[in-house]
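Here is a short briefing to read alongside the model. Take a look at the structure first, and then we can walk through it together.

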Amino acid sequence: GSGAISAGDAVVQYLVLRRDLIESSSSSSVGRVFAQGCNAAVAAIWENKDDPFTSLYCSPPNLDSMRKVTLEVKGEVQMVNLSAKLKEAGIAHKLWIDLPEKLPTCLSTKPYPKSVVSSFFKKLKLCRAAASSHEQKASWTRSQTLMDAPKWIRWCSMWQFEET
């Protein structure tokens, strides 16, 4: 394909974190969970760097408007089941395995048109990781812009890859 999509069908990258790891982490180690999410997102892009939607997503005109949807599952079983479901459907993704524990901590899809992958994620909740008490009371919506996302998501979205 040419990478062309309809104007109303944004290219997005889905990122899924484990709620049990976020809740069991101290405030200083919750950053590790977020870092692993960034690792999964970067790895999913790099492993699919020649894909037309990945190229479109990471193209210079789109770098400042990358869209990620960050969701959560309850724990390891749900993460592994989601990964298997995506694999069975041919949805390219990276299941991040924390070493040396060999613990699946998060997953990220490669960039896809939202219409292609949204159905796999519609039953999951938006991730509210490390939110302040004020933010926890706020109602998040799926239409929230990247600028409203936590800083680490904006940071992950700034990565740019080039062949050397």
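Lys 102 is exposed, with a relative accessible area of 65% (exposed means over 50% relative accessible area, buried under 20%, and partly exposed in between, with a 1.4 Å probe and protein chains only). This is a predicted model, in which local features need pLDDT of at least 70, side-chain atom pairs count only at pLDDT 80 or more, and totals for chains, interfaces and linings use all residues. Residues are numbered from 1 along each chain as its sequence is written, and side-chain values use heavy atoms, with hydrogens and water left out.

**The loop between E3 and E4, and Asp 98**

- Lys 102 sits in the loop between E3 and E4, and its phi is near 55°, a positive value in a residue other than glycine.
- Pro 100 belongs to the loop between E3 and E4, and a cis peptide bond with omega of about 10° joins Leu 99 to Pro 100.
- Asp 98 is part of strand E3 (residues 93–98) and is buried, with a relative accessible area of 10%.
- The side chains of Asp 98 and Arg 32 make a polar contact at 2.8 Å (a pair of N or O atoms within 3.5 Å; within protein, one must be able to donate a hydrogen and the other to accept it, and residues adjacent in sequence count only if both atoms are side-chain atoms).
- Leaving aside residues up to four places away in sequence, Asp 98 touches Arg 32, Gln 36, Leu 103 and Thr 105 (contact means heavy atoms within 4.5 Å).

**The chain as a whole**

- The chain has seven helices and six strands (DSSP runs numbered from the N terminus: helices are H or I with at least four residues, strands are E with at least two).
- From the N terminus on, the order of elements is β-α-α-α-β-α-β-β-β-α-β-α-α.
- Of the 164 residues in the chain, 43% are buried.
- Among contacts between residues at least 6 apart in sequence, 73% join residues at least 24 apart.

**The nonpolar cores**

- The largest nonpolar core has 17 residues, of which Val 16, Leu 71, Leu 82 and Phe 121 touch the most other members (a core is a set of buried Ala, Val, Leu, Ile, Met, Phe, Trp, Tyr and Cys residues joined through side-chain atoms within 4.5 Å).
- At least two residues of this core come from each of strand E1 (11–18), strand E2 (68–73), helix H4 (76–88) and helix H5 (114–121).
- Another core, of 10 residues, lies apart from it and includes Leu 17, Val 30, Cys 106 and Cys 127.

**Helix H4**

- The 13 residues of H4 should span 18 Å at 1.5 Å a residue, and the end C-alpha atoms are 18 Å apart, which agrees (the expected span is 1.5 Å times one less than the number of residues).
- Met 79, Leu 82, Ser 83 and Leu 86 are buried in H4.
- Seen down the axis of H4, these buried residues fall within an arc of 100°, so they line one face of the helix (the arc is that of the directions from the helix axis to the C-beta atoms).
- Exposed residues Val 77 and Glu 88 are carried on the face of H4 turned away from its buried side.
- Cover for the buried residues of H4 includes E1, E2, E3, E4 and H5.

**Helix H5**

- Val 117, Phe 120 and Phe 121 are buried in H5.
- Down the axis of H5, its buried residues fall within an arc of 90°, so they line one face of the helix.
- The buried residues of H5 pack against E1, E2, H4, strand E4 (103–109) and strand E5 (112–113).
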